[in-house]
Amino acid sequence: MFSKILVANRGEIAIRVMRACKELGIKTVGVFSEKDKNSLHLEFADETICIGKAPSQESYLNVSNIISAAEITDSDAIHPGYGFLAENPQFAEICESCGIKFIGPSSKNIRLMGDKIKAKESMKKAGLPLIPGGQGAIKTKEEALTTANKVRYPIILKAKAGGGGKGMRVCHSDVRLINAFMTAQSEAKNAFGDSTIYLEKFLENPRHIEVQIIADSYGNVIHFGERDCSIQRRHQKLIEESPSPAVNNRLRKKLGEYAIRGAKYINYDSAGTMEFLLDSKGNLYFMEMNTRIQVEHPVTEEITNVDLVKLQILIAAGEKLKLRQDDIKITGAVIECRINAEDPDNNFMPSAGNIDFCYLPGGRNIRVDTHIYTGYKIPPFYDSLIAKVIAKGNNRQQALKTMDRALDEFLIEPIKTTVPFCKKVINDPDFKIGNYNTSFLNKFLENERE
């Protein structure tokens, strides 16, 4: 077992990892930028060390500074959390070469699944269904036009190294495709340092369904059911739930089989998430794999009563999975709202600054993962996520009522947040009956503006 883990992250996920380490008897090192010296995660760490200035490139993305911090503090492992360096294969390789255990999959797996084209090729060989489209990179506009007319519009351009909606463009005609191609390439280059684009059929109004898996280094893989992540704004998830209102037992079994098959095919070893699109006819298509712990992992933890972060750490330490698929029981319903420091009434403009007053919801069946407190100053340099509110119930209706109550209890001044917006969404008549897809929020916002 590890004696000390450096948590190469900040905010609520750093606290989440430190809690798991504490319960496993592992000491932790908290890192911080110069503008993050008052972040709450530092209070939970056994040691703290500054790794640079406020910009992420000079601190949380500064590989040499993080490795130096691990060596100075004699840390024998690094947990990257999510975001920042969590899916950076070079970082994982450097950890490996320095004799520091990277708590995540191998650099080979990260590199393979981070390349969206190669990932799809691998999953096709594993027998997973793919969205119709080009078989590789699209290098020219002419090639894009030929492929688009073969697949038939609408199509979507995507960045090979992409994520978070960067480099994505939906096209319904040749004219739109010609105009969007160069823009998508440029955006991909700026966001990921790689301008490679691929093309596939755009599924209109699908559900975004993902499956949490855990795999050890002995070939054992299990899944923990699905999460529905269809409530998205600009490809960024806002509300997640499990089980999905659109998934029946037959589909659930198929999702689990696909996820395990894909993970085994690439000899995956760690926590990970297989992501799928579900069309209106009930067809499933593999979309991508996230080779890290997800923001929304608490949804799965609460519905299965399994600590995924602890499992991830134990597997990284070389332990064998003690759980078997039959041990995983889905009970009740769980919903999560991401609370961002943004102003929904002002086009979701980031809302940084000092928190003069903060009261977090509590009570039965409520979990809040956060790093904010009264007096904390939200810095403008990082992601706007400040809290995750997770509500559980014996069924979906109960979970929604509990979430509604929890959002009423979430008080924060003067910072603007997505709390009131989330409350409107969960009380929408269509959402309440589970009638939604990835286009839901676009239509919801249009109705709000009318």
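Modeller: One cut-off comes first: a residue is called buried when its relative accessible area is under 20%, and exposed when that area is over 50%. Note also that this is a predicted model.

Biologist: Which residues of helix 9 are buried?

Modeller: In helix 9 (residues 249-265), the buried residues are L251, R252, L255, G256, Y258, A259, I260, G262 and A263.

Biologist: What is the span of helix 9, and what span is expected at 1.5 Å a residue?

Modeller: From first C-alpha to last, the 17 residues of helix 9 reach 24 Å, close to the expected 24 Å.

Biologist: What makes N248 a cap of helix 9?

Modeller: A side-chain oxygen of N248 lies 3.2 Å from the backbone nitrogen of R250, at the N-terminal end of the helix. The cut-off for a polar contact is 3.5 Å, so 3.2 Å qualifies. Just after helix 9, N267 has a positive phi of about 55 degrees.

Biologist: Why is H79 called buried?

Modeller: Its relative accessible area is 0%. The limit is under 20%, so H79 is buried. H79 lies in strand 4 (residues 77-79), and its side chain makes a polar contact of 2.7 Å with the side chain of Q312. Leaving aside residues up to four places away in sequence, H79 touches I5, L6, V7, A8, V17, I103, V309, Q312 and I313.

Biologist: Is E23 buried or exposed, and why?

Modeller: E23, in helix 1, has a relative accessibility of 56%. The threshold is over 50%, so E23 counts as exposed. The side chain of E23 still makes a polar contact with the side chain of K310, at 2.6 Å.

Biologist: How do you describe the packing of two helices?

Modeller: By the angle between their axes and the distance between those axes. For helix 1 (residues 11-23) and helix 11 (residues 308-316), the axes come within 9 Å and cross at roughly 65 degrees. The crossing is right-handed. On helix 1 the contact is made by R16, V17, A20, C21 and E23, and on helix 11 by V309, K310 and I313.

Biologist: How many residues of that contact are nonpolar, polar and charged?

Modeller: Five are nonpolar, none is polar and three are charged. Glu, Lys and Arg count as charged, so R16, E23 and K310 fall in that class.

Definitions and conventions
Residues are numbered from 1 along each chain as its sequence is written. This is a predicted model: local features need pLDDT of at least 70, side-chain atom pairs count only at pLDDT 80 or more; totals for chains, interfaces and linings use all residues. Side-chain values use heavy atoms; hydrogens and water are left out. Axes are lines fitted to C-alpha atoms, for helices over the stretch in contact, and angles run from 0 to 180 degrees between N-to-C directions. Helices (H or I, at least four residues) and strands (E, at least two) are DSSP runs, numbered from the N terminus. A crossing is left-handed if the near helix is turned anticlockwise from the far one by less than a right angle, and right-handed if clockwise. Contact means heavy atoms within 4.5 Å. The expected span of a helix is 1.5 Å times one less than its number of residues. Buried means under 20% relative accessible area, exposed over 50%, partly exposed in between (1.4 Å probe, protein chains only). A polar contact is a pair of N or O atoms within 3.5 Å; within protein, one must be able to donate a hydrogen and the other to accept it, and residues adjacent in sequence count only if both atoms are side-chain atoms.
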